[in-house]
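Here's a quick walk through one model. Have the viewer open and follow along.

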Amino acid sequence: MKQHAAAEDSGTLHISFLGLIPTAKKTTMENKIPVKLPFGKTIFQTSSGQSITSDTAFMVETMLHHFKTERLSVLELGSGNGIISIMLSYYRPTWKITGIDIQPHLVKLAKDNSRLAEVDPLFLCSDLKSFSAKKKIDLIISNPPYFPKIDGRISPVRERAISRHEIKCTMNDVLNAVKRNLNSEGKAYLLYPMSRINELWVSAKRVDLKFKEKIIFFETENKKKVLVVLKHA
Ligand SMILES: C[S@@+](CC[C@H](N)C(=O)[O-])C[C@H]1O[C@@H](n2cnc3c(N)ncnc32)[C@H](O)[C@@H]1O
């Protein structure tokens, strides 16, 4: 598995993927699996849902590397168990971070996890198809469900299915949420499989968003992902 590092002013900060893997295979708390964070705190993921993957570490590391500013409003679309927003809150305590998710039990878990990690991002149960922030956002991030409904076997486990497949939102819905909530100078970082890059480019153009940058990421030799940076056109 690939390991990533992000340079910090005070030296080098290593948020290794190894630091994010579950600490035990067996479930210990109502079917939840403990995950040890690089800064010593332990949070939980559900055993039936989307596991924490190298996508998570890659997203966090990239944000820390690209944004050193003290003041930033951040919106995470599809925050799941909260790990990305929680880690960003720890490393950037002055940022105003909000995570939204459509699955109520994950929002509760994200809130419980932020208490365990002693950070305070705001987690809301909301559908990204209709969510509108009171004030436009500087930075929007998302590791959205990225398999089209027709692509591959849909998990019989509802939580996992909603996390992985476009059941409750499509790429267009994610792009519309970005368009609606991003401030005029803001940036959005969306993670998708490389195989959807052309569709992403065309769909972004349709809602008047433009590509600013593409960051290619290899989860494994054969699994290529892309983190696309978008701005208003
Ligand atoms: C791939 S998971 C990412 C979870 C987490 N951000 C991470 O990286 O570990 C996608 C998340 O999007 C959420 N989701 C799916 N459709 C949604 C919608 N319409 N509105 C808000 N969240 C949604 C799912 O519940 C799931 O938690």
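## Where H5 meets H6

Met171, Asn172 and Leu175 in H5 touch Glu199, Leu200, Ser203 and Ala204 in H6. Contact here means C-beta atoms, placed from the backbone, within 7 Å. The residues of this contact split into four nonpolar, two polar and one charged. For those classes, Ala, Val, Leu, Ile, Met, Phe, Trp, Tyr, Cys and Pro are nonpolar, Asp, Glu, Lys and Arg are charged, and the others, Gly among them, are polar.

Keep in mind that this is a predicted model: local features need pLDDT of at least 70, side-chain atom pairs count only at pLDDT 80 or more, and totals for chains, interfaces and linings use all residues. Residues are numbered from 1 along each chain as its sequence is written.

## How the two helices cross

Helix H5 (residues 171-181) packs on helix H6 (residues 197-206) at about 45 degrees, with the axes 10 Å apart. Axes are lines fitted to C-alpha atoms, for helices over the stretch in contact, and angles run from 0 to 180 degrees between N-to-C directions. That makes H5 oblique to H6; angles under 35 degrees would be roughly parallel, over 145 roughly antiparallel, and 65 to 115 roughly perpendicular, with the rest oblique.

## The chain overall

The protein chain has six helices and 11 strands, taken as DSSP runs (helices H or I, at least four residues; strands E, at least two) and numbered from the N terminus. Of its 233 residues, 38% count as buried, meaning 20 or more other C-beta atoms, placed from the backbone, within 10 Å of a residue's own. Among contacts between residues at least 6 apart in sequence, 61% join residues at least 24 apart.

Definitions and conventions
Two residues are in contact if their C-beta atoms, placed from the backbone, lie within 7 Å. A residue is buried if 20 or more other C-beta atoms lie within 10 Å of its own, exposed if 12 or fewer, and partly exposed in between; C-beta atoms are placed from the backbone.
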